[in-house]
Amino acid sequence: MGRRLILRCRTVLTARCRNVLTPHRRTALAATVLAAMTAAAPGMPLPGTTASAAATPASVTPSAALGPSGTFDPAPARASLERLLPSRAEQFTLVPVEEPASGDYFSVSGEAGAILVRGTSPATLLTGVGWYLERVAGVDIGWPGSSVGRLPGTLPAVTGTITRSAAVPHRYALNDTDEGYSGAYRDFASYRHDIDLMALHGVNEVFVPTGAEYPYYRALQEFGYDAAELRDWIPAPAHQGWWLLQNLSHFAGPVSEQLIEARATLGSRIAGHLRSLGMAPVLPGFFGTVPPDFAARNDGAVTVPQGRWVGFDRPDWLDPTGPVFPRLAAAYYRFQQERFGAGDMFKMDLLHEGGIPGTVDVAAAAGAVQRALEASHPGATWVMLGWQHNPTPALLSGVDRNRVLIVDGLSDRYDGLDRETQWDGTPYAFGTIPNFGGHTSIGANTGAWVDRFHTWLAKPDSALRGIAYLPEGTGGNPAAFDLFTELAWQPDPIDQKSWFAAYAARRYGGADPHAAAAWEELRRGPYSMQTGTWSEPQDGLFAARPSLTAATAAKWSPKAMRYDAATVERALAELLKVAPRLRATDAYRSDLVDVARQALSNRSRVLLPRIRAEYEAGELASFRALVREWQAHEELLGRLVGSDRRFLVGPWLADARSWGADPAERDRLEYDARSILTTWADRGQSETGGLRDYANREWSGLVQDVYAPRWAAYFASLDSALVNDTAPVAVDWFARDHAWAQGHQQYPTTPTGDPVALAGEVQTALTATREKA
């Protein structure tokens, strides 16, 4: 009887009241009815719940604001839905339900034009909407790319009830470096959109470093530093991630008071939006990073010099076991909470990438860091990055491991991993870093994801409690983001081939044999790279520092192709045959540009060895012919990426300048944004440290004004050497790149050109190259 009454109420709400009540009142009424039914029939499962939900661990997601029904208020989810689907949001009814002991879940049901989504948080309601869009309506909202324009006017009905429970409580996203490599100068609307997308894909914990300088700035003024000193010590926003990791300071500054305030305001809004959706903002914790001379200004303090990190002087480390640390930590957390609100999760990594403990007992130090966190935030979780040898057994021995979450950056990179043994049963999240520096390369080790995640989760002693999506820069590789986040919502291992076939059917808003064939090629190629050494694809040689022996653009990237390049070229050919009715979607055009770009980029690895061979053989004519081919590909690449806003450097630079209060600050911030893409820092760090081009990306503006001119100068010197029988002229590459990084040339912020026509040019050019080979 109870089930029939609920179904009857749903029918009344959707079929009779949809045109009378506002969305918020309709949702509130649905929640009230459901709450009444739950009270009348306690313990009765809601329609669509499954017995398997009881097997999932409890969620740690903080509760969203309570609504009139006594559960959470779904209004933030409704607002997100209206932003994501402004013309179809009215057709969804969002019903909050109390979270059971088994953790987050959602259910989706409904008739045509009246879709009912139940969920345990505002974010989980959005996850249910996302599941409906992909599995029922057959469209995609990716990161990036969307095909929602293909939705019918009346949304299709759901057959039966779709229910999913989260397999793990932690669904974590964002690397420490994400803000620097994804854009440190974005506005709130941009961050909000990304958060809405993450909720749509089931994420519930997000790292928020924006404004992290604020509590340092305020707290350290109570410990002997004046405001001007601290503004000089704090680096500009694009490089702040590495300051928070205790790797550097003093870069591209000084920062201004207004910038610190503006970023704190933005960070507070980001954290607030996450909380409104029932998601956890993961804030940076305090573990002892201090400015120079801290011990001299504070009696009883002991600091440990941290040496250098790829050419930077690292900030000092305040011994956490000493008497001053808890006082400074308390001040830090006080100012942080006043501005950003209370938190349950805090990210910090002691002794990151070569940090020096000195005579400090690491276990005791870790315990002191955790006690300081506990004093300010009782019961908080300490989030650590699993990277290189961290966290060490010594560090973990000093903490309550039940209140630690390790987000593993290497789960899909190396073989033979046993995290339960290595980390002594500490809870961890299965993680991936499918790109470094925000490279534009397509690909990921998705085979490892589908093979390992559920296997590790099912181990008898498994400490696996989550997933962690950790690319160094987000906003690319939408298929990777979609597949990885789905791991947490599937009860069984995913069949990779079937998944990519289904993805192809929804990505452009309709099934198409050529789209299916294209994504099968991409699955077999860049999305099926092997584990053992790398988790990211190779980068392109057009962006490399010129050399006949260049093997990579970034020092630490793969030195060779990680898959058969022919798969990408075949994928491009198939995409160009997709039916005209699907070509108008944003997702299609985004993917077409990206795949064509990748095909051209891969060809650089074929051409350069041929150029070298002709040069070394002294064959001037053939050397010149191959150089012309290289340069024609570069010129075409520049025009191709100029046809999609996501591949333009113009918005990146305009955003940076928009944060400056005066011309001098605007110039400093533009340098911050330009340098991280090119030289990364000054000559020592760039050249000796190897950071140059670490964040290389094939963007319009960079291709034409940084990469192509470098190769043109280099090939001209080789040409002169062949003609005159002399050695090539040495070039100061850093000086050239630094001049661009310090420049102020404006670049377009809107795309030009037809992506489909330009992708066709790429295919023609690549076919001609193959025929001449």
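This is a predicted model: local features need pLDDT of at least 70, side-chain atom pairs count only at pLDDT 80 or more; totals for chains, interfaces and linings use all residues.

- Strand S6 (residues 205-207) and strand S7 (residues 280-284) run parallel and are joined by three bridges.
- Within this pairing, phenylalanine 207 has valine 282 in S7 as its bridge partner.

**The open sheet**

- A separate heading is needed for the open sheet, in which four strands are ordered S1-S3-S2-S4 with mixed pairing.
- Strand S1 (92-96) and strand S4 (162-165) are the edge strands, each pairing on one side only.
- From one strand to the next, the twist averages 15 degrees.
- Strand S2 (residues 105-111) runs antiparallel to S4, and four bridges join the two.
- Serine 107 is found opposite threonine 163 in S4.
- In general, the strands of a sheet pair through backbone hydrogen bonds, in either a parallel or an antiparallel manner.

**Aromatic side chains**

- The structure contains 51 aromatic pairs.
- One of them joins phenylalanine 286 and tyrosine 332, whose ring centres are 5.4 Å apart. Their planes stand at 35 degrees, so the pair is classed as tilted, a class that lies between the limits of 30 and 60 degrees.
- This pair links distant parts of the chain, 46 residues apart: phenylalanine 286 is in the loop between S7 and strand S8 (289-290), whereas tyrosine 332 is in helix H12.
- Phenylalanine 286 has a relative accessible area of 1% and is therefore buried, the cut-off being under 20%. Tyrosine 332 likewise counts as buried, at 1% relative accessibility.
- One aromatic cluster is formed by Trp143, Trp423, Tyr428, Phe430, Trp449, Phe453, Trp456, Tyr469, Phe481 and Phe484.

**Helix pair H20 and H21**

- Helix H20 (residues 566-575) packs with helix H21 (residues 586-617) at an angle of about 145 degrees, and the axes are 9 Å apart.
- The crossing of H20 and H21 is left-handed.
- H20 contributes Val568, Glu569, Ala571, Leu572 and Leu575 to the contact. The residues from H21 include Tyr588, Asp591, Leu592, Val595 and Arg603.
- By class, this contact of H20 with H21 comprises nine nonpolar, two polar and three charged residues.

**Helix pair H23 and H24**

- Helix H23 (residues 650-658) and helix H24 (residues 663-677) also pack at about 145 degrees, with axes 7 Å apart.
- H23 and H24 make a right-handed crossing.
- On the H23 side the contact involves Trp652, Leu653, Ala656 and Arg657. Among the H24 residues they meet are Pro663, Arg666, Asp667, Leu669 and Glu670.
- The contact of H23 with H24 has eight nonpolar and five charged residues, and no polar ones.

Terms used
Residues are numbered from 1 along each chain as its sequence is written. Side-chain values use heavy atoms; hydrogens and water are left out. Two strands pair if DSSP finds at least two bridges between them. Axes are lines fitted to C-alpha atoms, for helices over the stretch in contact, and angles run from 0 to 180 degrees between N-to-C directions. A crossing is left-handed if the near helix is turned anticlockwise from the far one by less than a right angle, and right-handed if clockwise. Contact means heavy atoms within 4.5 Å. Ala, Val, Leu, Ile, Met, Phe, Trp, Tyr, Cys and Pro count as nonpolar, Asp, Glu, Lys and Arg as charged, and the others, Gly among them, as polar. Rings of Phe, Tyr and Trp (its six-membered ring) pair if their centres lie within 6.5 Å; planes under 30 degrees apart count as stacked, over 60 as edge-to-face and the rest as tilted. Buried means under 20% relative accessible area, exposed over 50%, partly exposed in between (1.4 Å probe, protein chains only).
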